[in-house]
Amino acid sequence: MNSPSEGADEVDLAALILFSDLARLDELSDGDEERPKRIRSALEALTILSEAGGGSLGMERVRLLEDALLAETLV
Amino acid sequence: MIRRILEHPVREFSRRLFAADHLSVAELDQAAEAIGPTLPASISDVLPSKRLAGALKLGASEGVATRALAPGPISAPSLNAKLQRSVRRAGSYLAIAGLVPPPDRRALEETIDLVVAQAKANRHRLDVGQEILDFPRLDAFATMAESLFGHGSGADRVDEVRVVDWIPKGKKRRDVALHAFDRRGFHVLEAAFSKVGPGLLYIDCLRASHGRNCEELGLDFGGGKVPGRGNAALVGAGLEALLIHAVRHGVHTIATSPGSPMVASLYMKMGFTAPGSEAPFSRHRLEWLLEQFPVLREAIAGLNLVRKERNVQAQLEAGQTPSYLQKLELDNPEAVRQALSAFRLSRASVADVPKDVAARLVQAGHPAPKPNHAEWKKELPEDASNIRVLRAQACRSRGAVR
């Protein structure tokens with residue numbers, strides 16, 4: 001990450017990927033084998049957002065999503 | 001990684017579209033196929049592993065990621081139960097991300113079923129040559145217009161709507177136009193509808209704003225970043241009412257012609273077909289989410305240009321007159337679901353439009369807007385037989401709006 005603008009782009013992209021993962025998770029049925037992969041991907045994106053202070057999502061929503069996604073992995 | 005997207009073939013195809021006099025349908029098909037997988041399926045696909053590892057190694061989220069990736073269960077039953085309830089209550093992960101309102105799915109499905117059944121009946125009536133139902137006229141539009149009350153807050157609320165049935169200059173067909181005014185008297189919404197065929201309702205014009213007169217928002221205004229250019233909540237409420245009421249009056253399809261690829265994209269988010277396309281609506285949910293990101297906006301606009309050109313070329317090659325018409329087919333459940341979800345999303349969006357529009361316009365070097373309600377009152381007097389005037393307070397007192 002060489003410049004602030006590049007960093008901002010990365011946060012945007014992380015949010016973008018997060019949203020695509022969340023949209024897909026909303027569509028997938030409970031037992032679908034794609035779910036764990038999407039959850040993992042979403043959590044990775046949330047990690048990047050979290051380090052950027054939450055990005056456009058805000059830290060509160062980032063934490064809520066992290067908790068909700070984690071909860072699913074614990075079932 | 002950003003460079004990868006910026007160098008995506010969509011840019012090359014956009015350039016060719018602008019430069020070339022003619023591209024064949026086959027070439028345009030090829031373009032659309034190349035543009036399709038613009039986006040990575042997973043963050044791992046675009047982040048080199050070292051960078052990902054670096055991103056994961058810091059901060060409190062390390063534990064979160066590690067636990068998520070670790071095999072086997074983790075003992076946190078009380079947290080687990082609480083959060084599962086939270087997810088169920090919100091209805092979806094996107095809802096938690098603030099992108100979708102907690103949906104009342106049963107009500108949504110009931111509305112979809114009702115609209116689709118009525119639209120199918122309307123189309124069937126036409127197919128078998130039965131008498132066509134009355135097309136929505138002035139009073140039906142006045143009923144729909146009541147949905148415009150109750151949105152926004154403070155001075156931003158719609159206070160009055162004037163509905164007029166008229167024949168515009170230079171046109172033969174009748175239009176019904178809606179004009180909404182906020183509490184300060186700004187003309188915040190203008191919409192015009194006409195009937196262009198049996199069961200086909202056409203949106204001639206639709207524009208909305210916050211805290212300024214919507215007719216001042218022409219493309220030459222140059223204020224793309226000035227708040228108040230649109231009012232998604234108001235448009236969403238109005239179009240939802242239009243969709244639900246129109247099917248009661250013989251309509252099976254709502255159509256419009258987009259003024260630009262971006263407008264086409266907006267309509268496609270709302271369940272409309274691609275411009276000029278005869279193919280049924282297909283979901284564009286991902287594009288809709290992606291539009292929020294400037295880095296991909298150009299790609300989306302380019303993709304819509306390709307679609308438009310492809311449809312026009314296909315029509316020309318089939319010996320038809322090219323048409324940019326976009327259609328919302330109300331007997332297609334997927335299209336209706338997309339439309340209703342989009343309208344409800346617009347109304348519950350977390351990204352609210354700033355209310356200090358006038359101050360920000362002045363800051364941006366534009367003169368402060370002045371309300372023009374008085375002019376419209378003269379133009380559309382309430383004692384005329386072809387005009388209905390609705391006021392928020394009167395509608396609220398008889399329980400028509402919240």
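A:Glu34 and A:Arg38 sit in helix H2 (residues 34-51) of chain A, 4 residues apart, about one turn of the helix. Helices (H or I, at least four residues) and strands (E, at least two) are DSSP runs, numbered from the N terminus. The model is predicted: local features need pLDDT of at least 70, side-chain atom pairs count only at pLDDT 80 or more, and totals for chains, interfaces and linings use all residues. Residues are numbered from 1 along each chain as its sequence is written, chains are lettered from A and ligands numbered from 1 in the order in which they are written, and side-chain values use heavy atoms, with hydrogens and water left out.

### Chain A

Chain A has 3 helices and 0 strands. Its elements run α-α-α from the N terminus on. The chain holds 75 residues, and 52% of them are buried. Buried means under 20% relative accessible area, exposed means over 50%, and partly exposed is in between (1.4 Å probe, protein chains only).

Next come the contacts, meaning heavy atoms within 4.5 Å. Take those in chain A with a separation of 6 or more: 44% of them join residues 24 or more positions apart.

### Salt bridges

The side chains of A:Glu34 and A:Arg38 meet at 2.9 Å, N to O.

In chain B, the side chains of B:Asp331 and B:Arg123 form a salt bridge at 2.5 Å, N to O. B:Asp331 is in the loop between strand S6 (326-329) and helix H15 (333-348), while B:Arg123 is in helix H9 (residues 105-127), so the pair ties together parts of chain B that are 208 residues apart in sequence.

B:Asp165 and B:Arg137 form another salt bridge, with their closest N and O atoms 3.4 Å apart. B:Asp165 belongs to strand S1 (residues 158-166) and B:Arg137 to the loop between H9 and helix H10 (138-145), so this pair ties together parts of chain B that are 28 residues apart in sequence. Salt bridges can also share partners: B:Glu160, B:Arg162, B:Glu382 and B:Arg391 are joined in this way into one network.

| Residue | Relative accessible area | Class |
|---|---|---|
| A:Glu34 | 22% | partly exposed |
| A:Arg38 | 14% | buried |
| B:Asp331 | 17% | buried |
| B:Arg123 | 25% | partly exposed |
| B:Asp165 | 10% | buried |
| B:Arg137 | 32% | partly exposed |

### Chain B and its rings

Chain B has 18 helices and 7 strands. Of its 402 residues, 47% count as buried. Among the contacts in chain B with a separation of 6 or more, 67% come from residues 24 or more positions apart.

A pair of aromatic rings is described by the distance of the centres and the angle of the planes. Rings of Phe, Tyr and Trp (its six-membered ring) pair if their centres lie within 6.5 Å; planes under 30 degrees apart count as stacked, over 60 as edge-to-face and the rest as tilted. The whole structure has 3 aromatic pairs over all chains. Why does the pair B:Phe141 and B:Phe193 count as stacked? The ring centres are 5.2 Å apart and the planes are at 15 degrees, so the pair is stacked. B:Phe141 is in helix H10 and B:Phe193 in strand S3 (residues 187-197), so the pair ties together parts of chain B that are 52 residues apart in sequence. Both B:Phe141 and B:Phe193 are buried.

### Two crossing helices

H10(B) also meets helix H11 (residues 232-246) of chain B: their axes come within 9 Å and cross at roughly 135 degrees. That makes H10(B) oblique to H11(B). Axes are lines fitted to C-alpha atoms, for helices over the stretch in contact, and angles run from 0 to 180 degrees between N-to-C directions. Angles under 35 degrees count as roughly parallel, over 145 as roughly antiparallel, 65 to 115 as roughly perpendicular and the rest as oblique.

The crossing of H10(B) and H11(B) is right-handed. A crossing is right-handed if the near helix is turned clockwise from the far one by less than a right angle, and left-handed if anticlockwise.

Which residues meet here? B:Phe141, B:Thr143 and B:Met144 in H10(B) meet B:Ala241, B:Leu242, B:His245 and B:Ala246 in H11(B).

### A buried loop residue

B:Leu380 is in the loop between helix H17 (373-379) and strand S7 (387-391) of chain B. Its relative accessible area is 6%, so B:Leu380 is buried. Beyond its neighbours within four places in sequence, B:Leu380 is in contact with B:Arg162, B:Val164, B:His179 and B:Ile387. B:Leu380 and B:His179 are 201 residues apart along the chain, and their C-alpha atoms are separated by 9.6 Å.

How values were computed
Salt bridge = Lys/Arg side-chain N within 4 Å of Asp/Glu carboxyl O.
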